[in-house]
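This briefing is meant to be read slowly, with the picture beside it. Please look over the fold as a whole before turning to the topics below.

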Amino acid sequence: MHAFSYVKARTLKEATDTLLAHSEAKLLAGGMTLIPTLKARLAQPTHLIDIGGIEALKGISLKAGQLTIGAATRHVEVANSPVVKRAIPALAYLASQIGDPQVRNRGTMGGSLANNDPAADYPSAALSLNATIVTNRREIVADDFFQGLFTTALDSDEIITAVRWPVVGKSAYEKFPHPASGYAMAGAFVAHNTKGTRVAITGAGPGVFRWMEAEQALGKKMNAKALEALQLEAADLNEDMHGTKEYRANLAKVMTKRAVAKLSGK
Ligand SMILES: Cc1cc2nc3c(=O)[nH]c(=O)nc-3n(C[C@H](O)[C@H](O)[C@H](O)COP(=O)(O)OP(=O)(O)OC[C@H]3O[C@@H](n4cnc5c(N)ncnc54)[C@H](O)[C@@H]3O)c2cc1C
């Protein structure tokens, strides 16, 4: 690990000012991804700005059909929150399936979305529900936020402060976890409301994406059987020692069918 200066920010302004003052500084939230990256010397920031103690970045509230979750809210808090369980049960369930207890006790929603790991869980919920990512400068809808492998619309000096989740209709999440890490080999988040159905797939490709053909099929009939004849195009999917493209395409379909069955009770 290379040497760096550690800054414990007490306010969002302090974090923003420090980030602006040092072009090679990095934000530290739960450290679950960043610390291993530093240990492997894949990143060499001059400053680590710890935002984990900023009260304004924490908390869960429900108002006027919007569930707002602070960026520094830990996965375990989302998983156990009665407010989240009532408003968007699938989101609480998703959080309960991330990694292991240690990861859930440290990792944060903002860190996960900013990192945009192609196998992470939260991006699929955000894209399916088209959540709004609120930063210290603007609001970005999920449709515009995720831009491929570990890439988002965030500028290098931008901080996610909260995520706003629309509370409408029904949703469900299913993933096939990698047995070692818990990351999704393939996961599907399905959201259904009066405007239609959105299906977001994680783990299978180089980044989270919507499966439009499944959305169209489910628009006609909200039933897992509606997906029977579909096959997710495998050409652009991930292939590694854990699974081929075709395996992941099939797994994504199976996870989507399970999520639809859970959501529709069929
Ligand atoms: C063993 C293991 C298993 C895991 N399994 C899973 C899993 O099953 N599913 C899953 O989804 N994830 C999994 N993770 C990842 C975990 O969810 C992390 O919490 C997450 O990827 C990063 O969140 P963090 O708060 O730890 O962020 P950090 O590691 O502190 O930061 C990650 C990146 O995000 C940036 N960042 C952090 N907060 C903000 C912010 N508010 N605004 C802008 N940028 C920010 C940092 O600068 C850094 O670049 C696993 C991790 C480990 C180590």
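This is a predicted model: local features need pLDDT of at least 70, side-chain atom pairs count only at pLDDT 80 or more; totals for chains, interfaces and linings use all residues.

Strand S2 (25-28), helix H6 (101-106) and helix H7 (109-115) each contribute at least two residues to the shell around the ligand.

**Around the ligand**
- The ligand is surrounded by 32 residues, and the closest of them are Gly30, Gly99, Gly107, Gly110 and Gly111.
- H7 provides the largest share of this shell, namely 5 residues.
- When the residues of the shell are sorted by class, 16 are nonpolar, 12 are polar and 4 are charged.

**Domains and their contact**
- The protein is divided into three parts, with domain 1 covering residues 5-50, domain 2 covering 56-166 and domain 3 covering 170-264.
- Between the C-alpha centres of domain 2 and domain 3 there is a distance of 19 Å, and the contact involves 22 residues from domain 2 and 24 residues from domain 3.
- On the side of domain 2 that touches domain 3, helix H5 (89-96) and helix H8 (122-129) each supply at least two residues, and H8 gives the most, with 6 residues.
- The residues on that side of domain 2 comprise 14 nonpolar, 6 polar and 2 charged ones.

**Helix H8**
- Why can H8 be described as largely enclosed by the rest of the structure? The reason is that 8 of the 8 residues of H8 are buried, and a residue counts as buried if 20 or more other C-beta atoms lie within 10 Å of its own.
- The buried residues of H8 are Tyr122, Pro123, Ser124, Ala125, Ala126, Leu127, Ser128 and Leu129.
- After H8 comes Asn130, which has a positive phi, near 45°.

**The five-stranded sheet**
- An open sheet is formed by 5 strands in the order S4-S5-S8-S6-S7, and their pairing is antiparallel.
- At the edges of this sheet are strand S4 (60-63) and strand S7 (139-141), each of which pairs on one side only.
- On average, neighbouring strands of the sheet are turned by 20° against each other, if direction is ignored.
- In general, the strands of a sheet pair through backbone hydrogen bonds, and they may do so in parallel or antiparallel fashion.
- Within this sheet, strand S6 (residues 132-135) and strand S8 (residues 160-166) run antiparallel and are joined by 4 bridges, and Val134 stands opposite Ala162 in S8.

Terms used:
Residues are numbered from 1 along each chain as its sequence is written. Two strands pair if DSSP finds at least two bridges between them. Axes are lines fitted to C-alpha atoms, for helices over the stretch in contact, and angles run from 0 to 180 degrees between N-to-C directions. Domain bounds come from an automatic or database domain assignment. Two residues are in contact if their C-beta atoms, placed from the backbone, lie within 7 Å. Ala, Val, Leu, Ile, Met, Phe, Trp, Tyr, Cys and Pro count as nonpolar, Asp, Glu, Lys and Arg as charged, and the others, Gly among them, as polar. A residue is near a molecule or strand if its C-beta atom, placed from the backbone, lies within 6 Å of it. A residue is buried if 20 or more other C-beta atoms lie within 10 Å of its own, exposed if 12 or fewer, and partly exposed in between; C-beta atoms are placed from the backbone.
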